[in-house]
Each structure stands twice: as C-alpha cells, then as structure tokens.
Amino acid sequence: MSRIFSGIQPSGELHIGNYLGAVKNWVALQDQFESFFCVVNYHAIIAPYAREELERRTHEMAVGLLASGLDPARCTIFVQSQVPEHTELAWIFNTVTPLGELERQTQYKDKASRQEQVMAGLLNYPVLQAADILLYRADIVPVGEDQVQHLELSRVVARNWNSRFSPATPYFPEPQPRLTATRRIVGLDGQAKMSKSIGNTVGLLETPEQIWDKLRGAVTDPTRQRKTDAGEPERCATIYQLHRAFSPAETVAEVEENCRGAKWGCIDCKKSLHQHMVAELTPIRERAAELASAPSQVTALLDAGAQKARAVAQETIGAVKDLMGLPRAV
Ligand code: ADP
C-alpha cells in the first residue's frame, strides 16, 4: 500500500480553504492509503509566538482535524514535536540541499522581503517539510496548490540524497502532490488566496450566524452593479467557487441560470450557499464541540498517534544512518 503524508500548521484557526484544499481530501484518502497526518508545530515556531497560544492552537487544530473525519483507527494523526526524528532527518537533508534552491522559493522571498531580520528557520522550512514527508517514505502528498513548489524541493532533496547514499536502489521515493478540484480557494475579498495571514477566511467551526456575516460581506462579480444587471458566475471568484464546492449540481446549475438571467441578486445566491455550507459544516462543528469538552481524550489519541508514527520514523532514521556511516541512537 502506498503511503501518504500531509501536515498543517497550528498557526491559527482551520479555515474552509484548508478544508477544501487539503483536509477533506485527507478524509477521503485515509482508507485508500497508509496515511500520516501531522500538526506541524515545528513549522509554526518560525514566526514569533506566545507559548500558551501555541499549545492551545495545536490542540484545537487536532480537534478540527478529528471533527472533520480523520479517524485514528484508519490513519495516523500526531503532533510533529512528539516525533524527534523529523528534526533529525531535516539536519541530514540540510547537508544535501543547495542553498540556491531554498533562496528561490517564492514563499521564502515573499515572507523574507517583509521582515527586518530573517531567521534561518524561514529559509530552511522546506527542508523540514521534505523530512516530514520522506521520514514516512510517502510518495503522495495531498495539499493545496500553494505547496506545489515546496514539493518540488522535496523531490530534489530525495534525488540528491539517493544519488549520494543509495544510488543503486533509491531509498527515498520522489513524492508527488495530489491536488483536488478545490486546490486554490479564493478568500472573501474575491481576490487573494484564502489565508489566515490575510484575514479573508471563513473558519471551519464558525456558527451559522458567523458564516452568514462573512458571506454577506463577500465580494461578488464586480461588474454587476444592480440586481437587474446580468451577472457572470465566472467573475464571482468566491461565492461561485464555494457553491461548486458545497452545493449539489442542481443548485450550481440554478445559480448559473439565475445569475446570468438576473433573476437572483447576490444576496439570494449567498443565502442558498449558506444553507448548503451549514448543512455540511454543522456536524463537524458539533463533533468538534464534543471533542473540545474531552481534552484529555484528544491528548491520549495524539500520544498514541505519535507512538505509531515514531515506530516508522525510527526505522527510516536507522536505515538512513546505516547508509551514511552514522552510528544509530542507542
Ligand atoms: P495557511 O496557508 O492558511 O497558513 P497551511 O499553510 O497550514 O495554511 O496549509 C495547510 C493546507 O491547506 C495545505 O495543504 C495548503 O495547501 C492548504 N491550503 C491553505 N490555504 C488554501 C486555500 N486557500 N485553498 C486551498 N488549499 C489551501
């Protein structure tokens, strides 16, 4: 059975961009592959943070993932810092990663240009990501579109390491991204990628009232001034895209017809979307509330997940050290 790995940062609330671009796919894939899903808290500490907040968010992220349908009986779900082999392999990979490859990553260039002092962790982030994936020798990585360039780097790392230390039979696979139809969800501003750092998100666990407040203000087809103007769904980046993600095909057809025919105003269209979003998200919110009321149970699930992950991780690190002439841990 092929292995899949994917991770998510506990740097804020789980939003519907994360859900549609990644997490919903993880839930669907957990029965088809041996699956490892990780709350990547070592990635989150690259930005300055408050200790209590990081602890709370790490726990909340795990609650959100479990509530979305990740089932510890069918996949391995864990927190990155509980499996120290991630950072061990990252160090090893640093020694086979050309600096130029890291410097040309767009996310690095973007973030570094906005900071006065750039920490080495920001540059090395994709090396840790390569270690996250390859520690499980995963060949498929279900992610959103923004992660595709980082995955290219994981393949460079795997190739470089293999060519030096296991040229005859490559030890590491070259992991490929697995994208969904909803690989890039646009935020409520109708322009940028939905992202915590931009503040244009809808939280996965928001109440129906909160979701409605967000949808009501969302930007639609900018050329449609009045309800009597014909609209064009393709120009309505956010609401139309969310309809296609949450609403049944008949509703999507109805939206297209009523928008182009100026029979629905944008508020009518948003009300219809709201109804379908709430139908899908309410059971998730209810499960999350149940899990949040039993924090020690969630912690126990994560501890057990880390133990399962660690068994695989130790096997990989052991084999890597053998191939590199480094004594194993005792
Ligand atoms: P964020 O970008 O909000 O900081 P992460 O970097 O932790 O979130 O990403 C977690 C997963 O969610 C990744 O697989 C990423 O590709 C996916 N993802 C994040 N934002 C979006 C989006 N707007 N549309 C689709 N997928 C997304």
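Helix H1, residues 16-29, gives the most to the shell around the ligand, with 4 residues. The model is predicted. The shell holds 18 residues around the ligand, and His 15, Gly 144, Asp 146, Ile 185 and Met 194 come nearest. By type, the shell divides into 5 nonpolar, 8 polar and 5 charged residues.

The side chain of His 15 places an N or O atom 2.9 Å from an oxygen atom of the ligand. Asp 146 brings a polar side-chain atom to 2.4 Å from a ligand oxygen. Met 194 uses its backbone: a polar atom there is 2.9 Å from a nitrogen atom of the ligand. On its own, the ligand has 540 Å² of accessible area, and the protein covers 93% of that.

Next, the aromatic rings. The structure holds 9 aromatic pairs. One of them joins Phe 93 and Phe 172, edge-to-face, at 5.5 Å centre to centre and 75° between the planes. Phe 93 lies in helix H4 (residues 85-94), while Phe 172 sits in the loop between helix H8 (148-165) and strand E5 (176-178), so the pair ties together parts 79 residues apart in sequence. Both residues, Phe 93 and Phe 172, are buried.

Phe 172 also pairs with Tyr 171, again edge-to-face: 5.0 Å between centres, 75° between planes. Tyr 171 has 14% relative accessibility, so Tyr 171 counts as buried under the 20% cut-off. Phe 172 is at 3% and counts as buried too. Ring pairs extend the picture, linking Phe 93, Trp 161, Phe 165, Tyr 171 and Phe 172 into a cluster.

Definitions and conventions. Residues are numbered from 1 along each chain as its sequence is written. This is a predicted model: local features need pLDDT of at least 70, side-chain atom pairs count only at pLDDT 80 or more; totals for chains, interfaces and linings use all residues. Side-chain values use heavy atoms; hydrogens and water are left out. Rings of Phe, Tyr and Trp (its six-membered ring) pair if their centres lie within 6.5 Å; planes under 30 degrees apart count as stacked, over 60 as edge-to-face and the rest as tilted. Helices (H or I, at least four residues) and strands (E, at least two) are DSSP runs, numbered from the N terminus. Buried means under 20% relative accessible area, exposed over 50%, partly exposed in between (1.4 Å probe, protein chains only). A residue is near a molecule or strand if one of its heavy atoms lies within 4 Å of it. A polar contact is a pair of N or O atoms within 3.5 Å; within protein, one must be able to donate a hydrogen and the other to accept it, and residues adjacent in sequence count only if both atoms are side-chain atoms. Accessible areas come from the Shrake-Rupley method with a 1.4 Å probe; for residues, only the protein chains shown count as cover. Ala, Val, Leu, Ile, Met, Phe, Trp, Tyr, Cys and Pro count as nonpolar, Asp, Glu, Lys and Arg as charged, and the others, Gly among them, as polar.
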